[in-house]
Amino acid sequence: MKKLIKCTIKLIFLIVVLVTIFVVWQGYQMNDRALREQSLAEKVQEIREQPGYTPLSQLPETYQNAVIAAEDHRFRSHPGIDVIAIGRAAVNNIQEMSLSEGGSTITQQLAKNLYFTQEKTFVRKAAETFLAFKLERDYTKDEILELYVNTIYFGDGYYGIRAASEGYYGKEPSELNDDECTMLAGLPNAPSAYALTDHPELAEQRQKIVLNQMVKYHYLTQEEADQIRQPAE
């Protein structure tokens, strides 16, 4: 019996290894096809030339910090993927028997927005990981963050921080106050659910999470977070 159990475990392990190799190879091919259709440099240039593209220098520091705290607090230090976040997501997904949590970094999310669909598959995840490493090699962290906030969806048909700022608040991104910055930083997590026109209460709940993250990672004191939250309440 013990011998049978050992053989079964070895077989399962072998199957897992083979499936992993297959998925990684398929992801590599998906990434390679995407880059052959349009190079990363060409794609980035295309985005930067779009009307409304907003340089990071024109975005409030509070907004930049809020995005990092809410989406990827190790953004400045990881190489494109966050092993800790991926491990945590894997455990949660196994417990829930789903792919609901991805553990994606800002760099991986940018990779997905640039080339891939929103479909949650292991192959697409592998492909975005390969592209995330290339993004980190070819661009600075500030450049990656800038591209990210100019390509994410904020709900209500608004793509990019300028469209969201003008659409929701009628002002330039540089004019956003701390309350507005932390509100917008939370919307891309689930843009349909948090869209301000249809779900302002849910958006405010998400904003509270963003502020709590900013306190947790020392971008704000609790007193500063409470002062920002007051107008929303």
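Predicted model: local features only at pLDDT ≥ 70, side-chain atom pairs only at ≥ 80, totals over all residues.

Trainee: Where is Leu-11 placed?

Mentor: Leu-11 belongs to helix H1, which covers residues 2-37.

Trainee: And is Leu-11 buried, exposed or partly exposed?

Mentor: Leu-11 counts as partly exposed, because its relative accessibility is 48% and the exposed class begins over 50%.

Trainee: What do the buried residues of H7 pack against?

Mentor: Their partners are helix H2 (40-48), H3, helix H5 (106-115), helix H6 (122-138) and helix H8 (161-169).

Trainee: Lys-141 is on that buried list. Which residue does the side chain of Lys-141 meet in a salt bridge?

Mentor: Its partner is Glu-136, with an N to O distance of 2.9 Å. Lys-141 counts as buried at 15% relative accessibility, and Glu-136 is buried too, with a relative accessible area of 17%. Both assignments follow because buried means under 20%.

Trainee: How many salt bridges does the count come to?

Mentor: The count comes to 13 salt bridges. One of them joins Arg-206 to Glu-71, where the closest N and O atoms are 3.7 Å apart. Arg-206 lies in helix H11 (residues 200-216) and Glu-71 in helix H3, so this pair ties together parts that are 135 residues apart in sequence.

Trainee: Are Arg-206 and Glu-71 buried or exposed?

Mentor: Arg-206 is buried, with a relative accessible area of 8%. Glu-71 is likewise buried, at 17%.

Trainee: Which residue pairs with Lys-171?

Mentor: The side chain of Lys-171 meets that of Glu-180 in a salt bridge of 3.0 Å, N to O. Both of these residues are buried.

Trainee: Which residues are linked in a network of salt bridges?

Mentor: Arg-124, Lys-125 and Glu-128 are linked in such a network.

Trainee: Back to helix H3. Where does Tyr-63 lie, and which residues does it touch?

Mentor: Tyr-63 lies in H3, which spans residues 61-71. Leaving aside residues up to four places away in sequence, Tyr-63 touches Val-149, Ile-152, Phe-154, Ile-161, Cys-181, Leu-184 and Ala-185. Val-149 is also one of the buried residues of H7.

Trainee: Is Tyr-63 buried or exposed?

Mentor: Tyr-63 is buried, with a relative accessible area of 1%.

Trainee: One last topic. How much space lies in the second largest pocket, and what lines it?

Mentor: The second largest pocket holds about 220 Å³ of space. Its lining comprises 16 residues, of which Ile-47, Gln-50, Asn-150, Thr-151 and Tyr-159 lie nearest the centre.

Definitions and conventions:
Residues numbered from 1 in each chain as written. Heavy atoms only, no water. Helix = DSSP H or I, 4+ residues; strand = E, 2+ residues; numbered from the N terminus. Buried < 20%, exposed > 50% of the residue type's maximum accessible area, 1.4 Å probe, protein only. Contact = heavy atoms within 4.5 Å. 1 Å grid on protein atoms, 1.4 Å probe; cavity = no way out; pocket = protein on both sides within 12 Å on 5 of 7 lines; lining within 4 Å. Points joined across faces, edges and corners; volume = space filled by probe spheres on them. Salt bridge = Lys/Arg side-chain N within 4 Å of Asp/Glu carboxyl O.
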